[in-house]
Amino acid sequence: MGLKEIVKNNHYPIIFIGSGMEKRYLQNFPNWNSLLEEYWEQINENQNFYSFLHSQIQKHPDDDKTTQDFYANVNAASYIQKKFDDLFYKEQLKVSGLTLQQAQQNRVSPFKQSIANRLKRYQLLDNVDMDELNGFIHILEKAKMIVTTNYDTFIQDLIEKDSDQRPTVFVGQSGLFDSDAGWSEIYQIHGSISSPNSIVINSKDYDNFDKNSVLVSAKIMSSMIDAPIIFFGYSMTDRNIRKVLDDFGSQLPQEDPRKSANRILVVDYEPNQNEIVEQIVRDQGLHNLNYTLIKTNNYKKIFNKLSKINEGATPYEVKKFSGLIKKLIVQQGQKGQLSNVMVTPTQLDDVAKEIDQGKPIVVALGDERYFYVYPDTVSYLKDYLADTNNYAPAIALSFAARAGGRTTKLPFAKYWNSVDKTSLNLSQKDFQRINNKIKEYGTLDKAKQFINKGSQKPFNTIKEIKSQHYPIGRQIDTVAWNLEQFDEIEINNYFNEILPTFYKTLVEKSTQLTSSVRRLLVIHDLIINGNMKPYQKTQKNQ
C-alpha cells in the first residue's frame, strides 16, 4: 500500500513541501501565526493580537476551526500590511534595503519586503540529524517536480549546494504551462522572497490565488500519469493542502480507492511514532478523495525507501544534459557550424567545458533533419521574451522571415545581431524577407513611426498612462512611445499584465490589441538588442 507501491512502480514523484519541513530543520522558523504576531508588535496596536483574531473568528460562527483560523489570519495580515505600509511612508518604520523612493516607484509593499528580509535569514538547528537531511536532499533531487507554499529559498539552496546546479524556479502561477524542460523544476505557488510582492498572505492575495488555483491542479494532473504525489510538512488541518487536495478530488475520476490512494501520499508528523503507519483515507470534505495518510516521526526511514526509486538518470541529470545539448545547439548554431560537429569519446561531465573551449563535440540524437522544432507565433514569442533559446538561431530567423508580410511586427534583433551571417543557413529568399522587415522597422526610429500620432505623448511612468483611461490599443502604443523612459521592473510588470490576453488573441482572433502589442515588443527588442542592418548574402557566401 502507498509507499511500497510508489517504490515498486519506480517513478520519480512530484513532491509538495510545506512549512513543517523548515521547522523540522531550521532554528526559530516562524509559522504563519507567529510571523503575524511578530509584525503585530511592530505596528504599535493597543489591541492584543489574539483579541483581534478572536474578533475575526466571530465573523464565521458556522465554519470549522480550520476555516475560522484561515480567515482570521488573512484578515490580520491585511490589517497589518496596511498599518505597516502607512507607518513606513510616515517614516516611523524602516525596512532594510528599501527606500521610500524605491517602494513608491516600484510599488513594493514594505510589509512584504520586510517579510522577505526576515525569511532570508535562516540557520540549521544545532542538533539537526544530518543523515536525515541528506536523505531529504536526495529525494528532492529525485523529484520530477517540487511544489511549495513556502516563501523562502531553503529548498533550492539545499539542491544547489549539493548538486552545484540551480534549479529552475517559477514564482506564483507564472510558468505553470511554460516550463523549461519539464524536469527538475520548483513552483513557489504562494510567492517568493525573491519577489516580495508575489507573496500570498492577505485576503486579496488569497482571493486572487483561489480564482486561478485550478491552474496548479491542472499542471499537477498533467504530470500524474506516471508520477505519484507526496506531501511533506503539512498537517491535514492545513488549509493550503486541503485546497490543493480539494481541487484534485473535483477533477480525478472515480476509481478504485486503493488505486488513487497509491498515487497520493500525505506524510503527517506524529511525535514518538518511529514506525511508518499507513492508512487509506476517504475524505468526504475533499469530494471523497482517497489518499494514503502516513503518520510517523521517522522521516529518515521514508527517505531511505524513496531513495530506491531509480528511473536511470535523475531529473537533475536530465535537466543538466538537456541544457548542455541546448548550449551546443545555440553556440554552434550562431557560428553556422552544427553540421561540422564531430564525434569524440568525451565524458558528459566535460562537455560544457569543451563547448566553451570551441572543441568539436558530438551528441548523437539522430538525423540532422529532426534536430529542430519549428515554432508557432505564441511559442516563438514566449521563448524569445523568456530568453530560453529553445530554437536554433537559423530556425528562429527563418520563422521571423516568413511571419506575415514585410510590415508584420515580430522581434528578432536578438538573433540577427548575434549570429555569424556568413555561415547562417538561411535561403536567399529568407534573407530577402528579413532584409525587407529590417528596412520597414529594423531601427528604433523606424519602429516608432508606426505609432499613431495621437499616442506620441510624453509620460514618466506607465501608471500615469493607465490613469488616462485610453482604449487598450492607444494605451499600449503610448507605453511603446515612451518605453525608453521606464524602469525595467515596471515594464516587466506591464508585460505580465497584457501578454496573457495578447497570446489568447493570437490564437483566437486578431484585434487592435494584437497590433499594438506587436509594435511594443519590437520596440522593446530594439531598445535591448540594438538596431539592425540588412545583410546581402553573396554567391560566395552561399
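Modeller: The second largest pocket holds about 960 Å³ of space. A pocket here is an open set of points on a 1 Å grid over the protein atoms alone, where a 1.4 Å probe fits, with protein on both sides within 12 Å along at least five of seven lines. Its volume is the space filled by probe spheres set on the points, joined across faces, edges and corners. The lining has 34 residues, and Ser19, Lys23, Asn31, Trp32 and Asp238 are the closest to the centre. Lining residues have an atom within 4 Å of a point.

This is a predicted model: local features need pLDDT of at least 70, side-chain atom pairs count only at pLDDT 80 or more, and totals for chains, interfaces and linings use all residues. Residues are numbered from 1 along each chain as its sequence is written, and side-chain values use heavy atoms, without hydrogens and water.

Several elements each supply at least two lining residues, among them helix H2 (19-25), helix H12 (239-251) and strand S6 (264-269). Helices (H or I, at least four residues) and strands (E, at least two) are DSSP runs, numbered from the N terminus.

Lys295 pairs with Asp268, with the closest N and O atoms 3.3 Å apart. Lys295 sits in strand S8 (residues 289-296) and Asp268 in strand S6, 27 residues apart. A salt bridge is a side-chain nitrogen of Lys or Arg within 4 Å of a carboxyl oxygen of Asp or Glu. Asp268, Glu270 and Lys295 form a network of such bridges. Asp268 is buried at 12% relative accessibility, while Lys295 is partly exposed at 25%. Buried means under 20% relative accessible area, exposed over 50%, and partly exposed in between (1.4 Å probe, protein chains only).
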